[in-house]
Amino acid sequence: MASSVIPANIFSGTGSGTGNGRTLPRSPLTRGDGSYHEYDHLTGHKVSRPASPYTLNPPIDFDGLSWPSVGTRERLENTADERAAKISRIADAVRTILTEIGEDPSREGLLSTPERYAKAMLFFTRGYEQNIRSVINRAVFEEDHDEMVIVKSIPVFSLCEHHMVPFTGTISIGYIPNSRVLGLSKLARIAEMFARRLQVQERLTKQVALAVWEILRPQGVAVVMEAEHMCMVMRGVQKPGSSTVTSCMLGRFREAQKTREEFFSLIGRR
């Protein structure tokens with residue numbers, strides 16, 4: 001039976017370690033000797049601040065929350081009174097919007113809309129109140145398995161940060177273990193955490209891939225997302241039915257064409 005482990009280097013930003021006598025690969029997210037990290041000023045804990053050849057920004061912060069957002073820790077730690085005040089401020093802003101588009105926010109049908117919208121928006125963006133530590137929750141296991149693991153067609157819902165309208169679709173996540181595996185539901189939870197924030201699809205795809213890489217230090221990670229964007233359907237070019245496909249390949253998936261082809265075949269893409 002697989003045993004639950006959280007190797008020390010998973011949350012430290014270090015780039016190498018061992019598992020079952022094998023040396024784990026240095027993460028492409030780290031630089032130099034792989035020991036680049038910072039300390040959270042509130043807890044004193046190490047946090048992952050990797051520099052990556054694949055991104056100019058640190059993708060994940062294990063102890064806190066994730067780039068590029070600010071103020072998320074404050075939101076996570078809001079008291080009930082502070083959350084109520086936040087809902088009230090959002091509702092006031094919605095009343096202004098309703099007035100400016102020519103509506104009457106005091107009429108019966110819209111009377112409670114601002115508060116409903118405020119609560120809904122906090123639900124739509126609840127990923128800001130999560131971090132990798134709480135999502136993973138020690139579901140990393142030592143396992144002698146080195147073949148591809150895939151969870152495909154995970155439904156995701158997000159809000160485009162350019163127009164704050166939805167984009168929806170599916171995301172498929174695959175990785176090749178290097179002595180450690182992740183509880184299968186955690187792959188979906190990672191995707192959900194990043195999706196429930198204001199996003200662009202390209203960044204969402206990359207954040208999911210880099211998070212899995214940082215957590216497991218696997219031989220490779222592959223993520224493919226396909227989504228329909230309401231900003232292309234309801235405005236702009238107004239093209240219903242069009243979809244956007246993005247991918248992020250790390251490690252063996254990036255280096256080996258046959259490995260990529262196997263992944264694409266298994267998720268039903270050619």
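Is glutamate 129 buried, partly exposed or exposed? In this predicted model, glutamate 129 has a relative accessibility of 25% and counts as partly exposed. Its salt-bridge partner is arginine 83, with the closest N and O atoms 3.5 Å apart. Arginine 83 is likewise in the partly exposed class, at 35% relative accessibility.

Aspartate 92 is partly exposed at 43%, and arginine 95 is partly exposed at 27%. Another salt bridge joins glutamate 103 and arginine 107, where the closest N and O atoms are 2.9 Å apart. Glutamate 103 has a relative accessible area of 30% and arginine 107 has one of 37%, so glutamate 103 is partly exposed and arginine 107 is too. Through shared partners, salt bridges also connect Arg75, Arg83 and Glu129 into one network.

The interior comes next. In soluble globular proteins, nonpolar side chains tend to be buried together. The largest nonpolar core here has 37 residues, and those touching the most other members are Ile171, Ile173, Tyr175, Leu182, Ile190 and Val208. Elements that each supply at least two residues of this core include strand E7 (149–160), strand E8 (166–176), helix H5 (184–195) and strand E11 (220–229). Helix H6 gives the largest share, nine residues. Isoleucine 171 has contacts beyond its sequence neighbours with residues including Val151, Ile154, Ala191, Val208 and Val223.

Helix H5 has twelve residues and spans 18 Å between its first and last C-alpha, close to the expected 16 Å. Its buried residues are Lys186, Leu187, Ile190, Ala191, Met193, Phe194 and Ala195. They pack against H4, E7, E8, E9, strand E10 (198–199) and H6.

Strand E11 is mostly covered, with eight of its ten residues buried. E11 pairs with E8 in the antiparallel sense over ten bridges, and isoleucine 176 stands opposite glycine 220 of E11. E11 also runs antiparallel to E12, joined by eight bridges; there alanine 227 stands opposite threonine 244 in E12.

What of the backbone in the loops? Most residues other than glycine have a negative phi, and most peptide bonds are trans. Asparagine 137 is not a glycine, yet has a positive phi of about 50°. It lies in the loop between H4 and strand E6 (140–142) and is exposed, at 54% relative accessible area. Arginine 217 also has a positive phi of about 50° without being a glycine. It lies in the loop between H6 and E11 and counts as buried, at 1% relative accessibility.

The cysteines remain. How many disulfides does a search of the whole structure find? The search finds zero. The sulfur of cysteine 231 has its closest cysteine sulfur in cysteine 160, at 4.3 Å, and so is too far away for a bond. Cysteine 231 is buried, with 13% relative accessible area. Cysteine 248 counts as buried at 8% relative accessibility.

Note on methods: Residues numbered from 1 in each chain as written. Predicted model: local features only at pLDDT ≥ 70, side-chain atom pairs only at ≥ 80, totals over all residues. Heavy atoms only, no water. Core = buried A, V, L, I, M, F, W, Y, C linked by side-chain atoms within 4.5 Å. Buried < 20%, exposed > 50% of the residue type's maximum accessible area, 1.4 Å probe, protein only. Helix = DSSP H or I, 4+ residues; strand = E, 2+ residues; numbered from the N terminus. Contact = heavy atoms within 4.5 Å. Expected span 1.5 Å × (residues − 1). Disulfide = S-S within 2.5 Å. Pairing = 2+ DSSP bridges. Salt bridge = Lys/Arg side-chain N within 4 Å of Asp/Glu carboxyl O. Lists of a residue's contacts leave out its neighbours within four places in sequence.
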